[in-house]
Amino acid sequence: MSLLQQLATQALIGSERTSPSLPPAQGALGELLSEMKTTTELPDTLVLRAAGVLSIGALAGFEPLTVAPTHSPSPLASRPIPDNKTLLNTLHEILDDAPQPLWVEALQALARCEMQLPPRLLPAFLNHGARHKELRPHLAPVVGERGFWLAGLNPDWAYLFSQSQVLEEHLWETGTREQRTAFLQLQRQQDPAAARQRLQDALGDTDARERALLTETLRTGLTLEDEPLLNRLLGDRSKEVRQVAADLLAGLSASGYVQRMIDRVKPQLVSERKLLRKTLTLEPPETFDPDWKQDAIEESRAQSEPLGQRGWWLYQLARTLPLSWWEQATGFTPAELLKWAQGSDWSLALLRAWHHALLREANRTWAGALLAQPSTKEFSFDGFKLINLLSANEQEDFWLALLDAGQKQIAHGDLLARVVQSRGLETQVSTQLARKVFQRIKKDLADDQSKWDYTLRNSLVDFACLIPPDCFADAIHGWPVDQPNTQFFADTVARVLRVIEQRKVLIEHLS
């Protein structure tokens, strides 16, 4: 990092938080910077003057002399390093050209065998980890002493040390907004009370966006002990912070906030028995209660809001209630409630409110019930987001149903991309789903429309990383080479075959 970059980093942190420290420099430049430090009173002025001096020097091509650091040699490896030529070549191929799920499989296989990455592959894998955060937990166990030694020399690889779950206090004092949020998130996992106190102490020194991000960390391990602070944040000057606090309080079913909302909605829900059947009606409030504003309920709606005024109030009130309350108050199951809502005059407000609460609670039963309902023109939702809330077996039932529906509902490339995304980088799919996918893809290559499914060309290769070994034959054999459209997928099929061969080598040498 250049001297000017060091100074710019300090300026971004803010001189009001940390007094600027001029970077060291040799020769006349160093003398000038030292003189400026003693003669300039205001920190902001010092930063600007130093920046001007360094910028002029940079334009003139001046590079300050630096003293070369001395480093201790790399420690010896304590775990074995693979030396099989076939395995080494395969690891190199995976590093160069394989999809991310195969990187993870290779790293996990090394970890299971208590082996380390070969030294010549370390820099490239560490660079991958710098670009892909999801890879970092899998790198830490296999980089060995040499990997951590290298991370101490290259700031871009210093992320390895964060995998040890050690709180680095300096990140809270001088880090970026994202680093401070990550620090508080980690502390929240380790010591919720201390993290809550730190957040409370920092509220007066943060801008609205940072307060909202830091408040979100309370979602981890949320308990009633967080209620007093969240009640305080309901009065924050930022709308974004107030909304985050309200949503967190809604997640505490025993909070005073939720009870206030129940008291507002319950009188509007009327159950009557007519003859042999029970009827349920819901009428939103006729007027807006000014006290609602204290609980982050807004009176006016946006011009683009499709709900009417009363529906807008109902939606805001209803989304704060636990889904279990609706079941208890009505005696209906989630499926029955959804059916009732669709026949109501306020269906859009209710469906949107329940969808919001469903995502907050990650309620599997409600997710399945909503997915079983037909979509409407007025209310649409991301079904794939709901599918991710289901168990692995329930998810696969939906994937299989979509595959059986052909390309009428979703292109196969998009479907496989969603499957890979839902499984992450390390969870295999079932044998049944894997075989159904390859059977369907091979069959549909005869369809002229398939050649335009560009997403399929990448997602199928990623999917091949997630199939169980007993499906390798399905991925290798049976491709319709005589079909005209096969030429458009020749490269994709070759990549799938290469992934399968690489996985075979991993299984053979690292099982």
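Reader: What share of the residues of the protein chain count as buried?
Author: The model is predicted. A residue is buried when its relative accessible area is under 20%. Among the 511 residues of the protein chain, the share that counts as buried is 44%.

Reader: How many helices and how many strands does the secondary structure of the protein chain come to?
Author: The contacts in the chain with a separation of 6 or more are 68% from residues 24 or more positions apart. As for the secondary structure of the protein chain, the tally is 28 helices and two strands.

Reader: Which residues of the largest nonpolar core touch the most other members?
Author: In soluble globular proteins, nonpolar side chains tend to be buried together. Here the largest nonpolar core holds 133 residues. Those touching the most other members are Trp326, Trp340, Trp354, Leu460, Phe463 and Ile467.

Reader: Which residues does Trp340 touch, not counting residues up to four places away in sequence?
Author: Trp340 belongs to the largest nonpolar core. Leaving out residues up to four places away in sequence, the partners of Trp340 are Leu269, Leu280, Thr281, Leu282, Phe332, Leu350 and Trp354.

Reader: Is helix 20 parallel or oblique to helix 21?
Author: Helix 20 and helix 21 have axes 9 Å apart and pack at an angle of about 140°. Roughly antiparallel would need an angle over 145 degrees. Helix 20 is therefore, relative to helix 21, oblique.

Reader: How many nonpolar, polar and charged residues does the contact of helix 20 with helix 21 have?
Author: Helix 20 passes helix 21 in a left-handed crossing. Trp354, His355 and Leu358 of helix 20 make the contact with Trp366, Ala367 and Leu370 of helix 21. By class, the contact has five nonpolar, one polar and no charged residues.

Reader: Where is alanine 362 found, and is alanine 362 buried or partly exposed?
Author: Alanine 362 is found in the loop between helix 20 and helix 21 (364–371). Although not a glycine, alanine 362 has a positive phi of about 50°. Its relative accessibility is 40%, so alanine 362 counts as partly exposed.

Reader: In which loop does glutamate 114 lie?
Author: Most residues other than glycine have a negative phi. Glutamate 114 is not a glycine, yet its phi is positive, at about 55°. Its place is the loop between helix 5 (100–112) and helix 6 (122–131).

Reader: Are helix 23 and helix 25 roughly parallel or antiparallel?
Author: Helix 23 (residues 392–404) packs with helix 25 (residues 431–444) at an angle of about 15°, and the axes are 11 Å apart. Angles under 35 degrees count as roughly parallel. The relation of helix 23 and helix 25 is therefore roughly parallel.

Reader: How do the residues of the contact of helix 23 with helix 25 divide into nonpolar, polar and charged?
Author: The crossing of these two helices is left-handed. Glu396, Trp399, Leu400, Leu403 and Asp404 in helix 23 meet Gln432, Leu433, Lys436, Val437 and Arg440 in helix 25. The residues of this contact divide into five nonpolar, one polar and four charged.

Reader: Is arginine 196 buried or exposed, and which residues does arginine 196 touch?
Author: Arginine 196 is in helix 12 (residues 192–202). Its relative accessibility is 14%, so arginine 196 counts as buried. Not counting residues up to four places away in sequence, arginine 196 touches Arg188, Leu218, Glu225, Asp226 and Leu229.

Reader: Which residues does valine 244 touch, not counting residues up to four places away in sequence?
Author: Valine 244 is found in helix 15 (residues 239–250) and is buried, with a relative accessible area of 10%. Valine 244 and leucine 230 are 14 residues apart in sequence, with 9.0 Å from C-alpha to C-alpha. Not counting residues up to four places away in sequence, the residues in contact with valine 244 are Ala212, Thr215 and Glu216.

Note on methods: Residues numbered from 1 in each chain as written. Predicted model: local features only at pLDDT ≥ 70, side-chain atom pairs only at ≥ 80, totals over all residues. Heavy atoms only, no water. Core = buried A, V, L, I, M, F, W, Y, C linked by side-chain atoms within 4.5 Å. Buried < 20%, exposed > 50% of the residue type's maximum accessible area, 1.4 Å probe, protein only. Contact = heavy atoms within 4.5 Å. Helix = DSSP H or I, 4+ residues; strand = E, 2+ residues; numbered from the N terminus. Axes fitted to C-alpha atoms, helices over the stretch in contact; angles between N-to-C directions. Parallel < 35°, antiparallel > 145°, perpendicular 65-115°, else oblique. Left-handed = near helix turned anticlockwise from the far one by under 90°. Nonpolar A, V, L, I, M, F, W, Y, C, P; charged D, E, K, R; others polar.
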